[in-house]
Amino acid sequence: MVVFTFWDWLWLILYIVVMVFSGVLFYTLGKRSESDFFLAGRGLPWWLPASSVYATHTATDTPIWMSGVIYQHGLAGIWYSFFAAWCAVSAYVSTRIFRRSLAYSQAEWQTLRFSGLGSELLRGWLAGWQIYMNMMILGWVGMAMGKVCHYAFGWQEWVGLVLFSSICAIYVLAAGYWGVVIADFQQGIVVFLGILIVSVWGVYEAGGPAGIVGRLSEMGQSWRLNPFHFTGWFTGDFPAAWFVTMLFIALLGGIGMGTTLDWYVEAQRIQSARSVRDASYSIWAGTALVLTRNSLWAACILGFFVLNPGIANLDDYEMAWFRVGFEMLPPGMVGFFFAAIVAIHLSTVASILNLGALYATRDLYQHYINPHASERRLVWVGRFSTLLVLLGSFLYGSMMQKNITEWLIFAIWIMAAGVWLPNVLQVIWWRFNSWGYLSSWIANLGLSWLVVWILPKAGVLPQLPDYAQFWLLMALGLVIYVPVTFLTRPDEMDHLVRYYVQSRPLGFWGPIKREAERRGLIRAVTEGV
Amino acid sequence: MPLFRKQWTAHEADEWTKEDFWACVFSSLSYVFLMIGLALCFLFPLWGILITLIGVVFVWLMYATIDPKLRQISSDYEIKQKEYLKNLDKIMKWEEQ
């Protein structure tokens, strides 16, 4: 149990008041229009969406997850977080294409890229799926906060889940994305300072760089310092085959849209940037901060390992970074640390609440129920949707008492495996149509559960490592959506030409490009690849 | 002649070129070096600083390679954006498919 002094309480209360107040301050801007409530009027300089990318992807469950993989695999565990590197490529490929489409959301993009009934089905499906996923993400992030509060104060887990998400909802309901992005900026600063102070403190307590290296050597654990320590090509719990698969997914995934769950958050930030250039730099810089933040955590967890080796229980060593903060910081600083945890938590909750509400408002209510709704009404529907997503997250959170890491790994890459390639194909290949893409989603929903849970339980399939599950799901999906694509008609030429001229996608768009040139909509350029 | 172009016309910037490819390569390498370098700063400071600095060089290369092109794309696109937004609104209201 952590005991707060007067200064600890002061830090915490002051911080929460300032943060909620600064978010609510933007009430007037947020209520002006749908574009303001969800995209801050598409006018942000690159550093604001960048700080939002960073703050959003620094969630309460992230240090739990990072602590788990670093404690288990040493410095090499940092590669688990390198999935975020899809932004290295996306910043200059899919970000550029998506920003030019001007779609509010990935669901809306489907109707710009594809045509006809298939595109509308895709929009409805993606909107519904995103509302569900955002509730689920909020649920697991909220439960992680519940777990931290239980560890620190002995509260029941649901208290941490409900209390802080509800505080956050105040400024999201009031100011929408304006509140989110402004609060994210100041939360990003507090979070970075918090992580830096706690991590440097943890390294210092473990004896500094020389102390950590020396102790690991004495313990015969020097391999933990090697970022490329694998347990074999295909053997052990950290094989090189996993590393190669991860690089493939992360880097080539940047060409596509939706190749990771994070894309849907980034898509909103991309559209809120004031230009294509600002969008590219915001995604690149936000992710650079995410990756360097992981480095600070990794060093700190290695320090924790030196001080506390031999913890066998995952639930215990997953709390490593929080233990460093609560147990090692001096009195008076613990409140600042907890304020940083609150900032970590709220920055994610705010973004996900607003994102879920965007899909409900723009893609379901406005597009299918009331296309001529006034801006004022749309803002109110946005607020109502925010509230629904919040309540849904409490429900999902209460269902996820254990195994946060297991849920995360399943959601992040197994659930995305079967649609990973279609997510790339929809960007780079003109002939890939809405029916092919839709069939890949339907197939993947069934196949991922079959390959990961059902068939191994029934003894039909051995329990495969997660990287092997990825390749298997990708291959099984191909067998379904490629024939579906060729057996159905291509999208309408007029629709594809309009999309091509506006977005200028990369890849196999030859027939569409030639048609656009023939119509005089674009000019042929001799140089280029 | 510079390795990467500094001057672009609007039509040329819309094409995918070697500058885009190299920006992605430098960007990916900068992530790797910055992430590993910063972690090593707390464990083997000399190596850590050296690797981090290499990461910074890759960031600069990425910027030098892609920024002139991105500036041109942005300035050209912003002229057309208003018209595109009107079309988006029409699609939303089912006035255009």
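Reader: How many residues of chain A are in contact with chain B, and what makes two residues a contact?

Author: In this predicted model, 44 residues of chain A are in contact with 37 residues of chain B. Two residues are in contact if their C-beta atoms, placed from the backbone, lie within 7 Å. Residues are numbered from 1 along each chain as its sequence is written, and chains are lettered from A in the order in which they are written. Local features of the model need pLDDT of at least 70, side-chain atom pairs count only at pLDDT 80 or more, and totals for chains, interfaces and linings use all residues.

Reader: Which helix supplies the largest share of the side of chain A that touches chain B?

Author: The largest share, twelve residues, comes from H14(A). Helices are DSSP runs (H or I, at least four residues), numbered from the N terminus.

Reader: Why is A:Pro511 called partly exposed?

Author: A residue is buried if 20 or more other C-beta atoms lie within 10 Å of its own, exposed if 12 or fewer, and partly exposed in between. A:Pro511 has 15 C-beta neighbours inside 10 Å, and therefore counts as partly exposed. This residue lies in helix H23 (residues 510–518) of chain A.

Reader: What makes the span of helix H18 of chain A close to the expected one?

Author: The expected span is 1.5 Å times one less than the number of residues. H18 (residues 375–399) has 25 residues and reaches 36 Å from its first C-alpha to its last, close to the 36 Å expected.

Reader: Against which helices do the buried residues of H18(A) pack?

Author: They pack against H3 (34–39), H9 (116–153), H10 (157–205) and H17 of chain A. Among the buried residues are A:Leu378, A:Arg383 and A:Gly397.

Notes
Helices (H or I, at least four residues) and strands (E, at least two) are DSSP runs, numbered from the N terminus.
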